[in-house]
Amino acid sequence: MSASGVLIAIPAWNESESIVSVIDKVRGHQPSASILVVNDGSTDNTAALAEGAGAKVVSLPFNVGVGGAMRTAFLYAKRHGYGAVVQVDADGQHDPADLDRLIYGLDQADIVVGTRFHEHSMYFVGGPRRWAMVLLSKALSWMNKRPISDPTSGFRSAGPRAIELFAVEYPADYLGDTVGSLAIAIRNGLVVREEPVTMYFRQTGRPSKNAVWSALYLGRATLAIIATGLKGGYIPKGDLS
Amino acid sequence: MTAQILGAIAAVITFVFVFSLLRRGVLREKYAVLWLFFSAATLFFALVPSALVWISRTIGVAEPVNLLFFATVVLLILVAIQLSYELSRHEARIRRLAEEVALAQRQIQELRDTDGSE
C-alpha cells in the first residue's frame, strides 16, 4: 500500500476525553501521514470517537498494555509496508510539532527517542522517580555507547529495521514497552539516537506520587535493568506476515 | 502407624482423583503423569516405611521424616516454577492472538469498505 509512508501510532486505553484533539493536532502537523489508533480494550467510546475523527482504528479484545498495543501497530506497519512508525500518547502530553524532528531523525538512526530532559525543557521530576530515571538512563546509555537521557519516553519513532524487529518482539511488561524495547533494539545492533521534545504534564489519570509508590517504581526499574542486562541477544526468528 | 495410614489414604485419594480427571479429559497427560507419580511414591513410602529409613541412613539424614519433608518441599517448588513458566508462555500466546484478532478484524472492515457492501 503506501510504500515508505509514515504511520502515527496512538495506543489508547479509555482516552475519550483527549483522543479527538490529539488526532486533529497530529493531522494538522502531518497531513500526509496515516494515523492508527490502537484501542487497547477501552470500555468507553474511544474507538468510535477515533474513527469519527478519521483515524484507522484497530481494537484489541482486552487490555494488553502499551507494549501489546505497540506491537500490534508494528505488525500493521510491517504488513502494509510503512517505512516509519511514530508513537504518540493519546493523553495529549506529546506535542505534534515535534513529529517532524522524530521522523527526519530516522535518516541517521533506526530509532529516535524524544527526550524531555534538555536545557529548554520545562519537564521536571524529583525524588526516587528521578533516581530511577537516572539509573535507567545510565544503564541504557552505556549499552548504547551514545546518550539516552530519557529511556522511559513514549514519544519515539522507528524506521524499517526497527519495525521488522518490533513486529516480532515488543515486551509488554512494566517498563518493557519503553526501557525493555530499547534494550532489545540495542542488542540487535539498531542505532538509537535522541532528539529534544516538549512534554506536557498529563492532565488526567496521573498516578499518585506517595513514598511507597516511588519506592516500588525504583525497585521495579532496577529489576527491569537487571532483567534486560541478563537477557541474551535476541534474534527474531520466523516470519509472521 | 496412624501417619502411615493417613499417608496411604491421601495417596490413594489423590491417585483416584487425578485418574478420574485424566479419564474425563480435563487434565492433560503431561501434568497427570507427575501427580500420579507423586501419589504412587507417597503410597509406596507409606506402605514400606523401611525404604525411607534405608534411604535416609544411606545419605546420612538422621530423621527419615526430615528427608520426606525436604524432598516434598523441593518437588512442590519445582512444580510451582514449572507452572509459572507455562503460565508466562500462555500469556505471551494469548497476547499474540489478541493482536492478530485485532488486525484481522481491521482487515475485514477494510475489505468491506472497499467492497462497498455492508
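Reader: Start with chain B. Which helix does V74(B) lie in?
Author: V74(B) sits in helix α4 of chain B, residues 64-115. Keep in mind that this is a predicted model.

Reader: What kind of surface patch does V74(B) belong to?
Author: A nonpolar one, formed by F70(B), V73(B), V74(B), L75(B), I77(B), L78(B) and I81(B). Together these residues have about 650 Å² of accessible area.

Reader: And S39(B), where is that found?
Author: S39(B) is in helix α2 of chain B, which covers residues 29-47.

Reader: What does S39(B) touch, leaving out residues up to four places away in sequence?
Author: A11(B), T14(B) and F15(B). S39(B) has a relative accessibility of 4%, so it counts as buried.

Reader: Switching to chain A. What is the average pLDDT?
Author: The average for chain A is 85, and 84% of the residues score at least 70. In residues 237-241 of chain A the pLDDT falls below 50. That stretch still has 8 contacts in the model beyond near neighbours in sequence.

Reader: How many helices and strands in chain A?
Author: Chain A has 8 helices and 7 strands. Of its 241 residues, 53% are buried.

Reader: What share of the chain A contacts with a separation of 6 or more is between residues 24 or more positions apart?
Author: 77%.

Reader: How about the accessible surface of chain A?
Author: About 11,000 Å², with 57% of that belonging to carbon and sulfur atoms.

Reader: Now the inside. How many residues are in the largest nonpolar core?
Author: 46. The residues with the most contacts inside this core are F74(A), V85(A), I111(A), L140(A), F166(A) and V192(A). Helix α3 of chain A, residues 65-79, gives the largest share of the core, 7 residues. Another core, of 29 residues, lies apart from it and includes A33(A), A84(A), V112(A) and M199(A).

Reader: Back to I111(A). What is it in contact with, leaving aside neighbours within four places in sequence?
Author: Among others, I111(A) is in contact with L106(A), S157(A), A162(A), F166(A), L182(A) and V192(A). R193(A) is also one of its contacts.

Reader: What does R161(A) meet in a salt bridge?
Author: The side chain of D110(A), at 3.3 Å, N to O. R161(A) is in helix α6 of chain A, and D110(A) is in the loop between α4 (99-104) and β5 (111-115) of chain A, 51 residues apart. R161(A) is partly exposed at 46% relative accessibility, while D110(A) is buried at 9%.

Reader: And in chain B, what does K30(B) meet in a salt bridge?
Author: E86(B), with 3.6 Å from N to O. K30(B) belongs to helix α2 of chain B and E86(B) to helix α4 of chain B, so the pair ties together parts 56 residues apart in sequence. K30(B) counts as partly exposed at 42% relative accessibility, and E86(B) as buried at 7%.

Reader: Which residues are joined into one network by salt bridges that share partners?
Author: R71(A), R95(B), R96(B) and E99(B).

Reader: Last topic, backbone angles. What is phi of N14(A)?
Author: Near 50°, a positive value in a residue that is not glycine. N14(A) lies in the loop between β1 (6-12) and α1 (19-29) of chain A, and is partly exposed at 31% relative accessibility.

Reader: Where is K145(A) found?
Author: In the loop between α5 (127-144) and β6 (156-158) of chain A. K145(A) also has a positive phi, about 60°, though it is not a glycine. K145(A) is exposed, with a relative accessible area of 76%.

Key
Residues are numbered from 1 along each chain as its sequence is written. Chains are lettered from A and ligands numbered from 1 in the order in which they are written. This is a predicted model: local features need pLDDT of at least 70, side-chain atom pairs count only at pLDDT 80 or more; totals for chains, interfaces and linings use all residues. Side-chain values use heavy atoms; hydrogens and water are left out. pLDDT is the predictor's confidence in each residue, from 0 to 100. Contact means heavy atoms within 4.5 Å. Patches are made of residues with over 30% relative accessible area and no salt bridge: like charges are joined within 9 Å, nonpolar side chains (Val, Leu, Ile, Met, Phe, Trp, Tyr) within 5 Å. Accessible areas come from the Shrake-Rupley method with a 1.4 Å probe; for residues, only the protein chains shown count as cover. A salt bridge is a side-chain nitrogen of Lys or Arg within 4 Å of a carboxyl oxygen of Asp or Glu. Helices (H or I, at least four residues) and strands (E, at least two) are DSSP runs, numbered from the N terminus. Buried means under 20% relative accessible area, exposed over 50%, partly exposed in between (1.4 Å probe, protein chains only). A nonpolar core is a set of buried Ala, Val, Leu, Ile, Met, Phe, Trp, Tyr and Cys residues joined through side-chain atoms within 4.5 Å.
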